[in-house]
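I opened the notebook to log what I looked up in this structure.

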Amino acid sequence: MTVGIVMLVHTSLHRAEQVARHWAAAGCPVVIHCDKFVDRQTYQTFVQNLADVDEVSFCKTRYRCEWGTWGIVAASQAASEQLLRTDDQITHVYLASGSCLPLRPVQELIDYLADRPRTDFIESATTEDVPWTVGGLDAERFTLNFPFSWKKRRYFFDRFVELQRKVGYKRKIPAGIVPHMGSQWWCLTRQTLSAILQDPDRSIYDAYFKRVWIPDESYFQTLCRIYSSNVESRSLTLSKFDFQGKPHIFYDDHLQLLRRSDCFVARKIWSKADRLYSAFLTDAEGAMKRTEPNPGKIDRIFAKAVERRTRGRAGLYMQSRLPNEGWENGVTSAPYSVFEGFAELFEDFEPWLTRASGARVHGHLFAKDKVEFANNEDSYAGALYNSAKARDYRFKAFLTNLIWNTRGERQCFQFGPDDNQDVEWLLAKDPNAQISVITGAWAVPLFKTNRNFSDLRSEAARLQKIESRHLDVLRSYYTKARVRIWTMADFVESPMEPLQMIIDEIGPKNLRRLTEVPRMVDLTGFGQFLQNLKNQGMHPHLMGDFPVGDDPVQPKDQPRKPYLVR
């Protein structure tokens with residue numbers, strides 16, 4: 001018996017020549033179809049280079065083999081017909097490409113097929129059973145028309161598909177066939193292949209499949225079900241695809257991976273993978289052991305690669321995921337804390353929090369004039385600069401970069417209504433964010449300033465409006481951050497419990513009771529200040545109820561200077 005090889009070639013002709021010689025050296029007749037896109041001079045050189053190999057011939061008719069079009073099927077048909085006429089001893093025809101590489105001695109493939117003389121190896125499944133289609137066209141590829149190239153004229157392709165769906169157009173499937181799909185790379189017996197090529201109704205089938213999308217993955221896969229007595233629905237060629245439906249390319253460092261597969265042939269091999277070509281196009285003693293092909297042995301590795309590409313590490317963004325909303329594996333890589341109103345209410349909140357928690361405490365990272373890094377640094381980890389313009393250009397990348405490059409150290413920063421509010425939804429949707437808010441505390445700096453009261457009233461109205469919208473975001477059901485909100489009046493009345501809660505959450509491994517609390521600003525007259533705002537027509541409702549009078553606001557649980565734990 002003899003196994004005939006059909007090679008579809010369109011690029012890297014020097015590698016195709018090398019593989020064709022390898023097939024021929026094992027006694028396999030080879031017919032090569034070279035894509036019509038290859039220019040005449042290059043093609044003639046390719047033919048001349050293989051002129052010394054009697055077992056190799058070239059398909060007399062050349063077709064344009066654009067992806068997803070009928071030309072690939074026509075090329076396979078023409079080359080197969082020529083091959084079957086070449087040698088009566090051919091029992092199986094193996095379809096391969098110029099980028100395919102035999103992984104095991106060819107004689108092992110011949111022996112394997114000799115033991116299975118009536119078995120057709122072709123992946124063939126109905127559209128209901130195919131989970132790998134990408135692009136949303138499974139059954140529709142058999143019922144719609146596709147006159148436009150998916151790769152070259154994608155806009156017209158999509159619009160024409162939409163139009164056919166809208167008007168309810170459906171093509172009639174020829175009687176007697178049930179559409180099947182599968183890998184393009186098959187190995188068919190002479191009986192099955194010749195029956196397909198010599199079918200009296202072939203013209204009907206060809207006319208139908210010429211208008212099917214990607215017919216090379218359905219023509220032989222469908223028709224073999226009519227004539228084959230024993231279809232083994234798998235390909236003997238190792239061919240892996242990523243989540244976008246694009247084939248994986250094998251490089252030199254995949255050598256051991258390919259050996260583990262025990263497959264006879266693999267594609268797609270990088271044309272410059274010298275190590276792979278020299279390792280596998282060798283004698284039988286240097287090849288793999290005899291065993292049943294089992295590409296499933298390496299599926300776990302490919303699944304892990306797909307997961308790394310689509311999900312990656314939490315909070316780390318890469319080219320394959322960055323433009324796609326919702327593809328991130330976690331917004332950020334580690335927990336961090338956001339404080340709203342604390343720096344305004346306490347005189348030394350940032351240094352106190354640093355001492356109490358051991359965390360890195362920044363100022364207002366999203367202040368409109370500059371980025372307030374800890375210790376007033378000009379730059380910070382991750383090549384981040386204190387320029388507000390650079391930060392706002394990609395504020396999401398700014399935050400995720402900061403958290404990623406400081407893993408292992410808790411980051412804390414201040415936020416308020418006078419900061420850039422574009423980041424608020426990013427913070428709210430991040431499960432790693434711990435957001436603590438004292439509502440209305442932004443009024444304390446206004447209370448301490450010496451400005452015209454009309455200006456203070458306008459500014460207070462503006463800030464209150466911004467914070468009200470911000471609180472709506474934090475209370476949204478889309479929010480995934482851990483949020484705690486206190487009115488200023490409630491917090492001032494009893495500050496110790498929330499402060500202790502915050503410290504415990506930042507450093508749960510080092511739980512400790514507070515022995516020192518930050519110094520609260522003098523709020524004497526703050527209640528009257530709020531009343532004056534009310535008298536001027538502005539209603540400051542976010543602060544809570546403050547008494548009107550000259551008595552300072554005293555916390556119930558601790559004295560003021562400083563608050564010490566009894």
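**Entry: strand β1.** I checked both faces of β1 and found each of them covered. Thr 2, Gly 4, Val 6 and Leu 8 lie on one side, and all are buried. I am working from a predicted model throughout.

**Entry: partners of β1.** I looked up the pairing next. Seven bridges join β1 to β4, residues 90-97, and the two run parallel. Within that pair I picked out Met 7, whose bridge partner in β4 is Ala 96. β1 also pairs with β2, residues 30-34, through five bridges, again parallel. Here I noted Val 9, with Cys 34 as its bridge partner in β2. I then followed the chain from β1 to β2: it crosses through helix α1, residues 13-25, and this β-α-β crossover is right-handed.

**Entry: the three-stranded sheet.** Which strand order does the open sheet of three strands have? I read it as β5-β12-β11, with mixed pairing. The edge strands are β5 (101-102) and β11 (237-239), each pairing on one side only. I checked the contact of β11 with β12, residues 265-267: three bridges join them, and they run parallel. Leu 238 has Ala 266 in β12 as its bridge partner.

**Entry: Ser 271.** I moved on to the loop between β12 and α10 (274-280), where Ser 271 sits. Is Ser 271 buried or exposed? Its relative accessibility is 19%, and the cut-off for buried is under 20%, so Ser 271 counts as buried. I listed what Ser 271 touches, leaving out residues up to four places away in sequence: Ser 12, His 14, Arg 15 and Tyr 277. His 14 and Arg 15 are in that list, and helix α1 spans residues 13-25.

**Entry: the five-stranded sheet.** I found an open sheet of five strands in the order β14-β17-β13-β18-β19, with parallel pairing. I looked at β13, residues 336-340, and β17, residues 411-414: four bridges join them, in parallel. Phe 339 stands opposite Gln 414 in β17. Which helix packs on this sheet? I found α20, residues 496-506, touching β13, β17, β18 (433-439) and β19. The direction of α20 makes about 165° with that of β19.

**Entry: the whole protein.** The protein has 21 helices and 19 strands. Its radius of gyration is 36 Å, whereas a compact globule of 566 residues would have one near 24 Å. Along the principal axes, the C-alpha trace spans about 110 × 60 × 45 Å. Buried residues make up 52% of the 566. I also noted contacts between residues at least 6 apart in sequence: 74% of them join residues at least 24 apart. The protein exposes about 27500 Å², and carbon and sulfur atoms supply 48% of that area.

Definitions and conventions: Residues are numbered from 1 along each chain as its sequence is written. This is a predicted model: local features need pLDDT of at least 70, side-chain atom pairs count only at pLDDT 80 or more; totals for chains, interfaces and linings use all residues. Side-chain values use heavy atoms; hydrogens and water are left out. Two strands pair if DSSP finds at least two bridges between them. Contact means heavy atoms within 4.5 Å. Axes are lines fitted to C-alpha atoms, for helices over the stretch in contact, and angles run from 0 to 180 degrees between N-to-C directions. Buried means under 20% relative accessible area, exposed over 50%, partly exposed in between (1.4 Å probe, protein chains only). The radius of gyration is taken over C-alpha atoms; the globule rule is 2.2 Å times the number of residues to the power 0.38. Accessible areas come from the Shrake-Rupley method with a 1.4 Å probe; for residues, only the protein chains shown count as cover. A crossover is right-handed if, with the strands pointing away from the viewer, the path from the first strand over the helix to the second runs clockwise.
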